[in-house]
Amino acid sequence: GASQARMTWLIQGIDLTGVFQPEGSLHFNTSEAALAAARSGHGLAYVPEVLAAPELESGALAHITSGR
């Protein structure tokens, strides 16, 4: 099978700094699809904050770093 390179995320917050390498089989071509999956409980979405703002404001999604 084809191998896929794993993305590395740098997570930085007031009380949290670290590197995260997500594992799993869900991959998306659009931020909107990633947000929909996160809203449905399928994990984290690494998207521009401005795009997630409505979900963050409503409480449907939350920042994973503290101080927000």
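I take helices (H or I, at least four residues) and strands (E, at least two) as DSSP runs, numbered from the N terminus. I am working on a predicted model, where local features need pLDDT of at least 70, side-chain atom pairs count only at pLDDT 80 or more, and totals for chains, interfaces and linings use all residues. I number residues from 1 along each chain as its sequence is written, and side-chain values use heavy atoms, with hydrogens and water left out.

**Overview.** I found two helices and two strands in the protein. Along the sequence I read the pattern β-β-α-α. I looked up burial next (buried is under 20% relative accessible area, exposed over 50%, partly exposed in between; 1.4 Å probe, protein chains only). Of the 68 residues, 16% count as buried.

**Helix α1.** I placed α1 at residues 31–39 and found A34, L35, A37 and A38 buried there. They cover an arc of only 160° around the axis, so they sit on the same side of α1. I took the arc from the directions that run from the helix axis to the C-beta atoms. The buried residues of α1 pack against α2. Contact here means heavy atoms within 4.5 Å. Just after α1, I noted that G41 has a positive phi of about 90°.

**E55.** I located E55 in helix α2, residues 49–58. Is E55 buried or exposed? It is buried, at a relative accessible area of 14%. Leaving out residues up to four places away in sequence, E55 touches R39, A60 and L61. The side chains of E55 and R39 also make a polar contact at 2.5 Å. For that term I used a pair of N or O atoms within 3.5 Å; within protein, one must be able to donate a hydrogen and the other to accept it, and residues adjacent in sequence count only if both atoms are side-chain atoms.
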